[in-house]
Amino acid sequence: MANLGKKVIGVDVSSKILVMSLLNDEETQVIIHVCNNKTDIERCLKKWKKETYKIVVEATGSYSSKILYYAYQLGFEVYQVSGLSIKKFAEVKNHISKTDEQDAKLIRNFGETMELNAFEPKKENIELLDQELMLWHDLEQEKARFSLKLKSLRQKPVLNKNVVKHYESVIKKLAKEIEKVQKRLPKLEDEELKESKELLTSISGIGDKTALLLLVATNNFKNFKTAKSVSKYFGVAPRMYHSGNKKITIGKCRTSKGFVRSILYVCSWSAIRFNAQCKALFERILEKGKCKKIALIAVCNKLLRQAFGIINNKQKYQPNYI
């Protein structure tokens, strides 16, 4: 077993309730239900000593952010595990039923068994930037959706001018809201973020928006130790399947962060023209008979690796680097 230094509190998360599993002084399992809000979380955590317990939480996006943040603020060692990891762990344990209490116990067992990387929350300005960028993305999607509807509407032989006018008004309003968000972004950038952003934009193919998205999504690349882990996180890492005589590539590892991945895909169009290493990679893959889309995804992978190397070395992009 790993992580024997401290006892583990496993936390199963839902929108309203946290189910916690821990072993008391008599090594008996205790199940606790806590409301998922600041007051109840802090009141519950203060009952336990941070020198005795560490906390392992299932990652469920915004729902798990409170327990992670408040536990970290109180000085606990905090770890975050993906729901898929817990699901596979349950399969290994031959669990065929599922309850919140069982999940909390599984998460505790997982924390007692596996080596985990400690959770570190984002700085406040990066967290606020993340929310602003998500708002920007949502507004852009809404604007694109209404623009397509208006374009389709204008193909009709008979038009209702009031409806057209309303669509145009909504699109205009969304454009103004996007502009407001763009003006707020620089105010949230600290010196470290500005420096990293300048380094990333030195890469041919990566602009200001993409650089900011990458830095916010990766917590300024502090959450990753290798370039390969960054590629996996954004879902552009190739997957291999080797079994007996079968040796095939079964496509890319599609994970979350689809919005960032789509932006990177657009960046790849520019990279194959102006980024020497990306251009060479693109042409090499096409020569092997692969399709253009696969080659562009490989370029996305290359851009992420370049970004990781540049941030780690604190040096601007060098086109002729060998």
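**View 1. An aromatic cluster built from Phe224, Tyr233 and Phe234.** In this predicted model, Phe224, Tyr233 and Phe234 come together as one aromatic cluster. Zoom out to the whole structure and the count of aromatic pairs is nine. Two of those pairs get their own views below.

**View 2. Tryptophan 48 with tyrosine 53, a tilted pair.** The ring centres of tryptophan 48 and tyrosine 53 sit 6.2 Å apart, with 50° between the planes. That angle is why the pair goes down as tilted: stacked would need planes under 30 degrees apart, and edge-to-face over 60. Both partners are tucked away: tryptophan 48 is buried at a relative accessible area of 14%, and tyrosine 53 is buried at 6%.

**View 3. Tyrosine 265 with tryptophan 269, an edge-to-face pair.** Here the centre-to-centre distance is 6.0 Å and the planes make 75°. Why do these two end up about one helical turn apart? Because tyrosine 265 and tryptophan 269 are four residues apart in helix H10. An α-helix has 3.6 residues a turn, so residues three or four places apart point the same way. As for solvent, tyrosine 265 is partly exposed, with 22% relative accessibility, and tryptophan 269 is partly exposed too, with 46%.

**View 4. The five-stranded open sheet.** Read across, the strands go S3-S2-S1-S4-S5, and the pairing is mixed. On average, neighbouring strands are turned by 25° against each other, ignoring direction. Helix H1 (residues 38-45) packs on this sheet, where it touches S2, S3 and strand S4 (53-59). The direction of H1 makes about 155° with that of S3.

**View 5. Strands S1 and S2 up close.** Strand S1 (residues 7-13) and strand S2 (residues 17-23) run antiparallel, and four bridges join them.

**View 6. Helix H5, end to end.** Helix H5 covers residues 124-153, which is 30 residues. From its first C-alpha to its last it reaches 44 Å, close to the 44 Å expected at 1.5 Å a residue. Quite a few of its side chains belong to buried residues, including Ile126, Leu129, Leu133, Trp136, Leu139, Phe146 and Leu150. What do the buried residues of H5 pack against? Four helices are the answer: H6 (161-184), H7 (191-200), H8 (208-217) and H10 (258-274).

**View 7. Aspartate 130 in helix H5.** Is aspartate 130 buried or exposed? Buried: its relative accessible area is 19%, and the cut-off for buried is under 20%. Setting aside neighbours within four places in sequence, aspartate 130 is in contact with Lys122 and Val216.

**View 8. Stepping back to the whole chain.** All told, the chain's secondary structure comes to twelve helices and seven strands. Its C-alpha trace spans about 75 × 60 × 45 Å along the principal axes. Of the 322 residues, 40% count as buried. Take contacts between residues at least 6 apart in sequence, and 61% of them join residues at least 24 apart. The accessible surface is about 19200 Å², with 52% of it belonging to carbon and sulfur atoms.

Note on methods:
Residues numbered from 1 in each chain as written. Predicted model: local features only at pLDDT ≥ 70, side-chain atom pairs only at ≥ 80, totals over all residues. Heavy atoms only, no water. Pairing = 2+ DSSP bridges. Axes fitted to C-alpha atoms, helices over the stretch in contact; angles between N-to-C directions. Contact = heavy atoms within 4.5 Å. Expected span 1.5 Å × (residues − 1). Buried < 20%, exposed > 50% of the residue type's maximum accessible area, 1.4 Å probe, protein only. Areas by Shrake-Rupley, 256 points an atom, 1.4 Å probe, with all protein chains shown as cover. Phe/Tyr/Trp six-rings, centres within 6.5 Å; stacked < 30°, edge-to-face > 60°.
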